[in-house]
Amino acid sequence: MSAEIHSGHAAHDHDGMAHGEITLAGYLTGFGLSIVLTAIPFWLVMSGALGDKQVTALVVMAFAAVQIVVHMIYFLHLNTTSEGGWTMMALIFTIVMVVIAMTGSLWVMHHLNINMMPAHQMGAMQ
């Protein structure tokens with residue numbers, strides 16, 4: 001009976017990952033991807049290869065989003081099976097809340113900018 005308990009423990013750790021899944025090769029892969037995902041946007045910005053600043057900013061943000069995913073997978077070991085999926089649910093909830101807060105803030109600032117009286121009209125009123 002103790003052999004069954006021991007073998008069950010060896011195959012399944014408390015965070016849903018088997019022992020040995022976290023390897024040096026995994027960390028090195030994540031590190032390499034992080035370097036590449038940092039170097040390419042740096043080169044794009046420094047060389048001006050895309051020409052348009054807005055396109056460059058969008059490409060840099062896309063690389064940043066991919067780098068966030070790489071960090072979550074390779075360094076935080078976040079997956080759908082760890083802790084019964086609760087860590088993924090917490091991440092999704094956090095992302096939804098941040099999107100709601102940012103969208104609401106941008107909407108309020110945009111409408112304040114549109115509805116405020118322009119400075120050149122204030123001088124004409126006095």
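Buried here means under 20% relative accessible area. The model shown in each view is predicted.

**View 1. Helix α3 and its buried residues.** Helix α3 covers residues 53-74, 22 residues in total. At 1.5 Å a residue the helix should span 32 Å, and the 31 Å between its end C-alpha atoms agrees with this. T56, Q67, V70 and M72 are the buried residues in α3. The packing partners of the buried residues of α3 are α2 (24-47) and α4 (86-115).

**View 2. H77 in the loop between α3 and α4.** The loop that joins these two helices contains H77. Its phi is near 55°, a positive value in a residue other than glycine. H77 has 18% relative accessibility and therefore counts as buried, the cut-off being under 20%.

**View 3. Side-chain contacts of S47.** S47 belongs to helix α2. With a relative accessible area of 40%, S47 is partly exposed. Two contacts of the S47 side chain are shown. The side chain of S47 reaches the backbone oxygen of W43 at 2.8 Å. A polar atom of the S47 side chain also lies 3.3 Å from the backbone nitrogen of A49.

**View 4. A nonpolar patch on the surface.** The patch is formed by W86, M89, I92, F93, V96, M97 and I100. Together these residues have about 760 Å² of accessible area. One of them, M89, lies in helix α4, a helix against which the buried residues of α3 pack.

Definitions and conventions:
Residues are numbered from 1 along each chain as its sequence is written. This is a predicted model: local features need pLDDT of at least 70, side-chain atom pairs count only at pLDDT 80 or more; totals for chains, interfaces and linings use all residues. Side-chain values use heavy atoms; hydrogens and water are left out. Helices (H or I, at least four residues) and strands (E, at least two) are DSSP runs, numbered from the N terminus. The expected span of a helix is 1.5 Å times one less than its number of residues. Buried means under 20% relative accessible area, exposed over 50%, partly exposed in between (1.4 Å probe, protein chains only). Contact means heavy atoms within 4.5 Å. Patches are made of residues with over 30% relative accessible area and no salt bridge: like charges are joined within 9 Å, nonpolar side chains (Val, Leu, Ile, Met, Phe, Trp, Tyr) within 5 Å. Accessible areas come from the Shrake-Rupley method with a 1.4 Å probe; for residues, only the protein chains shown count as cover. A salt bridge is a side-chain nitrogen of Lys or Arg within 4 Å of a carboxyl oxygen of Asp or Glu. A polar contact is a pair of N or O atoms within 3.5 Å; within protein, one must be able to donate a hydrogen and the other to accept it, and residues adjacent in sequence count only if both atoms are side-chain atoms.
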